[in-house]
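Please walk me through this structure in a few paragraphs. I would like to hear about its nonpolar cores, its sheet and its pockets.

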Amino acid sequence: MSDIDFLANKLAPHYSRFRVSERLLFTGHSHQAWPDVAREGQIEYFDVCARDVDNKWEAAFEKTDILRNYLRDFYDDPDGFYCREESTHILFVSWMSSLDLKNKPKIISTDGEFHSLFRQLHRLEEEGLEFIQVPVNPDNTFAERIISEMDDRTSAVMLSRVYFETSLINTHLTEIAAAARKQGIPVLIDDYHGTNVVPLSIRDAGLEDCFILIGGYKYLQWGEANCFLRFPKDCEYRPAITGWFASFSTLDKPRTDDPVEYDHDNQRFASGTYDPSSQFRAAKVVEFFREQGLTPEVLRSQYKVQVDLLRKQFLSRNFDASVIRLTHKEPLERNGGFLSLTSPHARDIRAQLMEDGVFTDARGEILRFGPAPYITTSQIEQAMNALEKVVGGI
């Protein structure tokens with residue numbers, strides 16, 4: 001039995017409600033199945049609400065702390081603060097509102113960012129923001145080109161650790177963060193495609209003063225509404241977009257004309273009242289991951305061998321490169337959690353694969369095959385057989 005199947009077969013029975021052994025779910029880079037215990041978390045939430053009524057928040061905050069501690073372990077980051085919100089967009093906007101955009105209207109980013117960041121920055125560009133999109137290629141001069149854009153008009157540098165189209169890992173964060181630090185420019189890292197796929201020690205990488213956006217929808221298997229902004233413990237930002245959850249300590253104080261206060265804790269960038277049911281679900285998943293020994297190293301190993309097999313299976317088909325090809329041929333060490341293919345027919349291929357029961361997704365000319373820890377070698381071969389059949393009909 002292969003290393004892939006040893007872990008996959010051990011895990012699959014625990015995902016019976018998502019029927020992962022009966023279906024070809026290759027959208028692991030977008031949304032993974034939840035283990036059956038996640039349902040217990042949802043039921044637990046209902047029972048806690050019924051029992052404790054408005055006193056449920058104590059239990060809800062405990063669940064959120066379980067998620068925070070999981071992330072602190074993943075990032076080797078015992079002192080970091082982690083603000084929870086329902087989406088990375090809310091956290092991003094709150095963080096942006098902390099910046100001195102009036103006097104420093106320049107934001108440096110890349111042409112490889114996900115729609116959420118691009119859309120918001122592009123819209124603000126219409127209002128006067130200077131939005132610099134540095135091409136991620138060629139990679140050997142990428143850091144140099146980002147750093148050359150830094151000046152005293154720059155409010156922030158924003159970029160991904162793993163690019164959502166290519167699956168390539170950005171290996172220049174330490175160098176870029178060091179250069180930004182010298183000029184007092186904050187760095188925001190989008191790690192939606194890095195968390196739980198590519199291990200990262202913030203301390204070893206010298207990123208302790210950086211801000212990191214994290215989402216639970218993909219590789220964490222936490223589902224929706226479990227997003228976090230990691231920020232350094234000495235952060236004193238004062239987001240202009242702020243909710244009352246950002247300062248519980250001042251709720252009972254008399255209202256004055258003094259500047260708005262923020263608690264020095266995890267919720268500095270928080271909004272207001274939310275539905276905490278997803279934290280109950282996610283806390284069960286955290287417990288399950290620990291029970292199954294799904295450490296960052298185990299997960300990284302599984303994704304690497306799965307993507308390696310996907311790539312080998314793809315290359316063995318000798319497809320016409322004008323129809324479909326690998327998006328890149330970089331070593332696996334530089335690849336994240338999915339296989340990226342390029343085709344002018346990507347969306348049609350994705351639609352036909354779906355008709356054959358193979359879940360993938362497409363972004364423009366990019367077709368993505370994303371495994372998950374419970375995907376077996378047989379399922380990988382079946383998915384590539386289906387791709388060969390579809391491409392053969394083009």
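The largest nonpolar core holds 85 residues, and those touching the most other members are Trp222, Leu367, Phe369 and Leu387. A nonpolar core here is a set of buried Ala, Val, Leu, Ile, Met, Phe, Trp, Tyr and Cys residues joined through side-chain atoms within 4.5 Å; buried means under 20% relative accessible area, exposed over 50%, and partly exposed in between, with a 1.4 Å probe and protein chains only. The model is predicted: local features need pLDDT of at least 70, side-chain atom pairs count only at pLDDT 80 or more, and totals for chains, interfaces and linings use all residues. Residues are numbered from 1 along each chain as its sequence is written, and side-chain values use heavy atoms, with hydrogens and water left out.

Helices (H or I, at least four residues) and strands (E, at least two) are DSSP runs numbered from the N terminus. Leaving aside residues up to four places away in sequence, Trp222 touches Trp34, Leu67, Tyr70, Leu71, Gly216, Phe228, Ser278, Arg281, Ala282, Val285 and Val286, where contact means heavy atoms within 4.5 Å. Another core, of 32 residues, lies apart from the largest one and includes Trp57, Ala60, Ala156 and Leu188.

Next, the sheet. Four strands form an open sheet in the order β9-β10-β13-β12, with antiparallel pairing; two strands pair if DSSP finds at least two bridges between them. At the edges are β9 (325-326) and β12 (361-363), each pairing on one side only. Strands β10 (residues 339-342) and β13 (residues 366-369) run antiparallel and are joined by 4 bridges. Ser340 stands opposite Arg368 in β13.

That leaves the pockets. On a 1 Å grid over the protein atoms alone, a pocket is an open set of points where a 1.4 Å probe fits, with protein on both sides within 12 Å along at least five of seven lines; lining residues have an atom within 4 Å of a point. Grid points are joined across faces, edges and corners, and a volume is the space filled by probe spheres set on the points.

The largest pocket has about 470 Å³ of space. Of its 16 lining residues, Ser247, Thr250, Arg255, Val260 and Glu261 lie nearest its centre. The second largest pocket has about 350 Å³. It is lined by 24 residues, with Thr88, Phe114, Ser116, Tyr192 and Lys218 nearest its centre. The elements giving two or more residues to this second lining are α4 (88-96) and α5 (115-126), and α4 gives the most, with 3 residues.
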